[in-house]
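Please read the numbered points beside the sequence and the model.

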Amino acid sequence: MLSVCLTVAATAGAPDRQITPHHVMEKAAAIGHASVIVELGGAAPVPEGRLRHPGDIAVQRQNIGQAQAALRASLRGVGHRVVREYVSIPYVALQATPDALRMLEAMRGFVTRIDEDFELNFWIPLPGIQA
């Protein structure tokens with residue numbers, strides 16, 4: 001069934017809008033790669049708290065894992081590094097070269113969104129503690 005999703009995604013008419021933000025493509029071109037989070041369509045997750053049976057959770061996680069494996073297989077031979085795969089949500093964090101980002105763009109439908117990944121650094125002052 002997943003291969004059907006990939007085929008449909010690859011052959012569907014592509015919308016005019018890029019799913020990779022322009023600044024991410026520019027960053028990848030400038031330094032050779034960009035850190036991104038890729039949202040995978042087709043897995044159609046339901047928040048696990050709404051699933052009544054453990055078996056439903058297991059099936060959903062299996063579907064997400066299969067979608068992530070299909071993404072890895074599609075990117076084989078193209079410059080990328082998987083940083084993290086998530087168990088319960090259909091996302092993959094990648095370091096992607098410009099070629100990998102173009103490949104992800106070509107998987108429109110299977111890949112539904114690409115956002116820049118970045119580390120959040122924030123400081124919360126706590127009373128009585130000095131840094």
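1. Both Glu105 and Arg108 are buried, a word used here for a relative accessible area under 20%, with exposed meaning over 50% and partly exposed in between (1.4 Å probe, protein chains only). The two side chains meet in a salt bridge with an N to O distance of 2.8 Å; the term denotes a side-chain nitrogen of Lys or Arg within 4 Å of a carboxyl oxygen of Asp or Glu.

2. The model is a predicted one, in which local features need pLDDT of at least 70 and side-chain atom pairs count only at pLDDT 80 or more, while totals for chains, interfaces and linings use all residues. Residues are numbered from 1 along each chain as its sequence is written, and side-chain values use heavy atoms, with hydrogens and water left out.

3. Where does Arg108 sit? Arg108 is found in the loop between helix H4 (98-106) and strand E4 (111-116); helices (H or I, at least four residues) and strands (E, at least two) are DSSP runs, numbered from the N terminus. The relative accessible area of Arg108 is 15%. A polar atom of the Arg108 side chain also lies 2.5 Å from the backbone oxygen of Arg17.

4. How many salt bridges are there by this rule? The count comes to six. One of them joins the side chains of Arg72 and Glu85, at 2.4 Å from N to O. Arg72 belongs to helix H3 (residues 54-74) and Glu85 to strand E2 (residues 80-85), so this pair ties together parts that are 13 residues apart in sequence. Arg72 is partly exposed at 34% relative accessible area, and Glu85 is partly exposed at 30%.

5. Asp99 and Arg102 form a salt bridge as well, with their closest N and O atoms 2.4 Å apart. Both residues lie in helix H4, three residues apart, which is about one turn of the helix. An α-helix has 3.6 residues a turn, so residues three or four places apart point the same way. Asp99 is partly exposed at 48%, as is Arg102 at 44%.

6. Which residues of helix H4 are buried? They are Pro98, Ala100, Leu101, Leu104 and Glu105. Seen down the axis of H4, these residues fall within an arc of 160°, so they line one face of the helix; the arc is that of the directions from the helix axis to the C-beta atoms. The buried residues of H4 pack against H2, E1, H3, E2, E3 and E4, contact meaning heavy atoms within 4.5 Å.

7. In helix H2 (residues 22-31), the buried residues are Val24, Met25 and Ala28. Their arc, viewed down the axis of H2, is within 100°, so they line one face of the helix. The face turned away from this buried side carries the exposed residues His22, Ala29, Ala30 and Ile31. Just after H2, Gly32 takes a positive phi of about 100°.

8. How do H2 and H4 meet? Their axes come within 9 Å and cross at roughly 150°; axes are lines fitted to C-alpha atoms, for helices over the stretch in contact, and angles run from 0 to 180 degrees between N-to-C directions. H2 and H4 are therefore roughly antiparallel to each other, the label for angles over 145 degrees. Val24, Met25, Ala28 and Ala29 in H2 meet Pro98, Leu101 and Arg102 in H4.

Note on methods. Polar contact = N/O pair within 3.5 Å; in protein donor to acceptor, adjacent residues only side chain to side chain. Parallel < 35°, antiparallel > 145°, perpendicular 65-115°, else oblique.
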